[in-house]
Every structure is written in C-alpha cells, then in structure tokens.
Amino acid sequence: MTAPIRVLIAKPGLDGHDRGALVVAQGLRDEGMEVIYTGIRQTPAQIVAVALQEDVACVGLSSLSGAHLELFTEVARRLRECGANDILLVGGGVIPAADVPLLQAGGVAAVFTAGATVSEMARYIRAHVTRGPGKDAAATLQELVRGLHHVGIAVNDIAQALPFYTDTMGFRVTHREIIQELGVNAVLLRFGEMQLELLEPTDDSSPIAKHLRRRGAGTHHIAYAVANLQEALDRLAKSGAQLLDRTPRRGVGGHLIAFLHPKSAGGALTELVQDRGDEQGER
Ligand code: CO
C-alpha cells in the first residue's frame, strides 16, 4: 500500500457557496485521497501557504464567482514563485469553455466544468500528480510524458501530398487550419492512435519555407503529449535543455504547445503538446 495522495481543496475569492467544493472534497476522500479543505473566501497567498505547509501533491480550486481567471492563475504564479510548480493545480466550478485554454496557459493543468464527475477528477489527479510517495520532483520528464502525439511533415504542396496519406494509407483528415502568423497551412490526420500534421508554407518567409529550402520536404518535427506542459518546460529548463518556447503557446488545432531546440533532442525538432486527456474519444 502506498500512502494516499494529499489534496488541498480551496475556494479563492468572494463567493460564499461551497456545496460543490464540499462534494468534491468528500468524493476525493471516498476515492482514497487525503483531502484538506480551506473553507471559503481564501486569498491565493493563503491557499499557497496552506499547500506548502500541508505538503500536498495537488491543489483543487473551485470558483463560482467569475473571477477564476485572475484567482487561479495567481495561485499558479505564486506556486511557481515558491518553486512548488510540481504541485498539480486543477480547477473547477462555473467556468466558460473559452476560459479553459487561458487557465491552462496560466498554469492550471486541468479544468473540470459542470458535468465532470468526481471519479474523473480522481482519475486525472492519480495520473498526473508528480509529488508524493515514490515521486521525485527531479528534473525528469518521464512521469509527465503520455506518449507520441504526432509527427509533423513539411511538404511543398499539401494537395499533392495528401492522397498518399488518405487514400493509400487510410488516414482521415481531422482538422485543417491556416495560421497566418506562423506562416503555416496545416492538415491534421488520424489513423487509430497515430496522428500526422502536414505543414505547407503560406509564404516564403514562413519557417516551413525555410525548412524546405534547407532540408527539403519530409519529417519536420516530432511531438509528444505531456501531462503538464508548463511543468515539463520548467523541468527541461532545469535540466539544461534549450527551449524555443519557455511558456506554452497555441498551436495547430487549438493545442497548447512548445518547441525544444533540435540541439537538445539529437537533432530532431521536438514539440511538446499539453495532453487534454480527451483525445482517445476523438476518433
Ligand atoms: Co506539431
């Protein structure tokens, strides 16, 4: 038997309704976790202080007040400042879907909105905590890596390259997108668990155009799914890896992504993708 995962459930901000937070706290206890509850109307500073004092592996924030963006990201920022960003931070409550990527970019690993069950939360927490018994917060990525996410292929002409992947190989197009500011015209393809990203330059100044000139068409990058992208980047930075992105940014298909310099990965341009945990069902 390993020791239970310690979780702090906290309610930042001014709203005074904590029925939801209490249900989650009890539910996580029923799931075998050790849960501490702060009570209502806590400041981010108070929450972080308790998290450190109680040496929790996970902080769950609940908000119904509408102030979740500033409050949740402030908790994340304060955890980072204390060097405690290996504490898994999750949130829930009344949160519009549009705010979820903003919260994730701000350091909240996962957001559970109305309809999420406590057992889903527990499953997520179990899979993603990096602190606690048997977990070492050393600069290693292994417990954060969830698997290969996709391979990016640079092509001169998507229309010309596509039939091989769709008609011959059997991939299905799942997403098309032109990202002007990156100079990329992208098509995402899926076949079972496998995903590919075909990338065509939109103009000559695009990084894809540069890649095609220097190395020709072909494999452009390899992308791995990670549980907590900001945490993964912090660990990589600690380990001396060269990062092209120090914080997550939006990539093709709305994913939060970041790139490592090829120098740090045996010459392969390497992308990390925030695992949304919803992609098994996306087929
Ligand atoms: Co990619």
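User: What spacing do the donors of the cobalt ion follow along the chain?

Analyst: In this predicted model, the donors of the cobalt ion follow the spacing H-x46-E-x23-H-x49-E along the chain. The residues concerned are His150 and His221, each through NE2, together with Glu197 and Glu271, each through OE, and they coordinate the ion at 2.0 to 2.3 Å.

User: What makes Glu197 and His221 a pair that links distant parts of the chain?

Analyst: Glu197 belongs to strand S9 (residues 194-201), while His221 belongs to strand S10 (residues 218-226), and the two are 24 residues apart.

User: Why is the site of the cobalt ion called irregular?

Analyst: The angles among its 4 donor atoms run from 83 to 158 degrees.

User: How do you know whether Glu197 and His221 are buried or exposed?

Analyst: A residue counts as buried when its relative accessible area is under 20%. Glu197 has 5%, so it is buried, and His221 has 2%, so it is buried.

User: Why are helices H2 and H3 described as oblique to each other?

Analyst: The axes of helix H2 (residues 44-53) and helix H3 (residues 68-81) come within 9 Å and cross at roughly 45 degrees. Angles under 35 degrees count as roughly parallel, over 145 as roughly antiparallel, and 65 to 115 as roughly perpendicular, with the rest oblique; therefore the angle makes H2 oblique to H3. The crossing of H2 and H3 is right-handed, and the contact is made by Pro44, Ala45, Ile47 and Val48 of H2 with Leu71, Glu74, Val75, Arg78 and Leu79 of H3.

User: Why does Ser63 count as buried, and which residues does Ser63 touch?

Analyst: Ser63, which is found in strand S3 (residues 58-63), has 0% relative accessibility, and because the cut-off for buried is under 20%, Ser63 counts as buried. Not counting residues up to four places away in sequence, Ser63 touches Lys11, Asp15, His68, Phe72, Gly92, Gly93 and Val94.

User: What makes Val111 buried and Ala97 exposed?

Analyst: Val111, in strand S5 (residues 110-112), has a relative accessible area of 15%, so Val111 falls under the 20% cut-off and is buried. Ala97 lies in the loop between strand S4 (88-93) and helix H4 (100-105), and its 63% relative accessibility is over 50%, so Ala97 counts as exposed. Leaving aside neighbours within four places in sequence, Val111 is in contact with Gly91, Ile95, Val100 and Leu103.

User: Why is Arg41 called partly exposed, and what is its phi?

Analyst: Partly exposed covers values between the 20% cut-off for buried and the 50% cut-off for exposed, and Arg41 has 48% relative accessibility, so Arg41 counts as partly exposed. Arg41 lies in the loop between strand S2 (34-37) and H2, and its phi is positive, about 60 degrees, although Arg41 is not a glycine. Asp55, in the loop between H2 and S3, also has a positive phi, near 50 degrees, and is a residue other than glycine.

Note on methods
Residues are numbered from 1 along each chain as its sequence is written. This is a predicted model: local features need pLDDT of at least 70, side-chain atom pairs count only at pLDDT 80 or more; totals for chains, interfaces and linings use all residues. Side-chain values use heavy atoms; hydrogens and water are left out. Donors are N, O and S atoms within 2.8 Å of the metal (3.2 Å for Na, K and Ca); water is not among the atoms, so sites may look incomplete. Four donors count as tetrahedral if all angles lie between 85 and 135 degrees; four count as square planar and six as octahedral if opposite donors are over 155 degrees apart and all others between 65 and 115; anything else is irregular. Helices (H or I, at least four residues) and strands (E, at least two) are DSSP runs, numbered from the N terminus. Buried means under 20% relative accessible area, exposed over 50%, partly exposed in between (1.4 Å probe, protein chains only). Axes are lines fitted to C-alpha atoms, for helices over the stretch in contact, and angles run from 0 to 180 degrees between N-to-C directions. A crossing is left-handed if the near helix is turned anticlockwise from the far one by less than a right angle, and right-handed if clockwise. Contact means heavy atoms within 4.5 Å.
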